[in-house]
Amino acid sequence: MFLKVFFLFIFVVINLNGQYEKVKIGKIDAYYQDKITQEQLRSIIEEIEKILETQTNINIFDYSNDGKPIDILYLPLSKKKLDVESGIKTLKIQKSKIDTFQEYILSKDDDIKKKALELQNLNKNLNQKIHKLNLYIEKMNTKNITSQQEYNEIKQYISKEKQKIKQETNIYDQKRIKYNNFLKSYNQKVSSHNLLVNQYNRLQRKIETLMRSMKEIKGVAKGYTKTVLKTVYKDGKEYRTKETQNYMEKIEIYGFDSLEQLKTILAHEILHLVGVGHIDTKGALMNPILQENQVENLYLIFEDIENFKSSF
């Protein structure tokens with residue numbers, strides 16, 4: 001008995017060649033009724049067509065009633081995005097409170113210095129008067145008083161000076177208490193301000209962490225992949241090939257912050273629809289991350305054009 005050994009070779013061929021497509025306006029969810037009209041969307045599509053075809057010199061796509069639909073769909077916000085939006089609202093409220101505290105602190109800074117200086121001067125003057133009276137009393141204690149009248153006059157003077165000192169001491173104490181209460185309230189506001197700043201900074205770091213971990217999908221070109229297996233014989237040997245072809249069916253847009261952003265998202269997905277893939281070049285329209293320079297001014301950079309030529 002002879003064993004016949006067969007060697008099976010399978011080659012995978014993936015068809016990545018781009019192709020001309022037709023598009024049309026599909027469904028626009030009611031959520032977007034105040035954000036975009038069919039006329040505006042049609043105008044955006046025409047603008048994209050003009051930009052892409054001017055830069056590539058190829059008729060990439062056309063608008064047609066039998067084209068593949070562009071749907072503008074509303075999707076509920078993810079938990080992470082809800083947390084981010086809620087956090088941003090809280091940040092704005094906290095920032096407003098911080099600004100109010102800072103205005104108060106700055107406005108009272110001069111008052112604190114003036115009141116502290118006033119108390120310092122009052123205390124200094126009071127101590128000088130007390131010291132002066134004490135010196136007078138010491139002097140009178142060593143003096144030889146010769147009459148009752150002189151004694152009474154000295155006693156009366158000392159009493160009047162003590163009364164003046166007492167009155168000024170009361171004034172000083174009242175102002176000191178008032179100043180201390182004011183300072184206590186001021187310090188409480190400073191503590192509240194510092195606590196709020198710390199909370200603000202912690203929340204800001206949390207939001208930044210959430211945003212870095214959150215990849216929000218703004219749109220997608222949807223379709224399906226068809227695989228065909230073929231068997232061929234060459235030189236008496238059997239070979240099998242597997243050809244994979246991508247068939248795009250429609251574009252779905254899930255959200256946009258402005259019509260300019262929508263134009264960029266849609267242009268990106270239209271290029272996917274016709275068979276152009278992602279590139280990692282910063283600033284490129286086909287970068288998988290939305291590029292701000294493209295939102296400001298939609299165009300194909302050099303790497304986009306090279307990517308297009310290799311795919312289309």
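Biologist: Which residues on the other side of H6 are exposed?

Modeller: This is a predicted model, and the answer is read from it. Exposed means over 50% relative accessible area. On the other side of H6, the residues that count as exposed are Phe 302, Lys 309 and Ser 310.

Biologist: Which residues of helix H6 are buried, and what arc do they cover around the axis?

Modeller: Helix H6 runs over residues 302–311, and its buried residues are Asp 304, Ile 305, Asn 307, Phe 308 and Ser 311. They lie on the same side of H6 because the arc they cover around the axis is only 160 degrees.

Biologist: How many salt bridges does the structure hold?

Modeller: Side chains of opposite charge can pair when their charged atoms come close. Counted with a limit of 4 Å between nitrogen and oxygen, the salt bridges in the structure number 15.

Biologist: How many residues apart in sequence are the parts that Glu 47 and Lys 263 tie together?

Modeller: Glu 47 and Lys 263 form a salt bridge, with the closest N and O atoms 2.8 Å apart. Glu 47 is in helix H1 and Lys 263 in helix H4, so the parts tied together are separated in sequence by 216 residues.

Biologist: Is Lys 263 buried or exposed?

Modeller: Its partner in the salt bridge is Glu 47, which is partly exposed at 35% relative accessibility. Lys 263 has a relative accessible area of 13%. The cut-off is under 20%, so Lys 263 is buried.

Biologist: Where do Lys 113 and Asp 109 lie?

Modeller: Lys 113 forms a salt bridge with Asp 109, the closest N and O atoms being 3.6 Å apart. Lys 113 is exposed at 55% relative accessible area, whereas Asp 109 is partly exposed at 30%. The two are 4 residues apart, about one turn of the helix, and both lie in helix H2.

Biologist: What is the relative accessible area of Glu 150?

Modeller: Glu 150 forms a salt bridge with Lys 143, with 2.8 Å between the closest N and O atoms. Lys 143 is partly exposed at 41% relative accessibility. Glu 150 is buried, and its relative accessible area is 17%.

How values were computed. Residues are numbered from 1 along each chain as its sequence is written. This is a predicted model: local features need pLDDT of at least 70, side-chain atom pairs count only at pLDDT 80 or more; totals for chains, interfaces and linings use all residues. Side-chain values use heavy atoms; hydrogens and water are left out. Buried means under 20% relative accessible area, exposed over 50%, partly exposed in between (1.4 Å probe, protein chains only). The arc is that of the directions from the helix axis to the C-beta atoms. A salt bridge is a side-chain nitrogen of Lys or Arg within 4 Å of a carboxyl oxygen of Asp or Glu.
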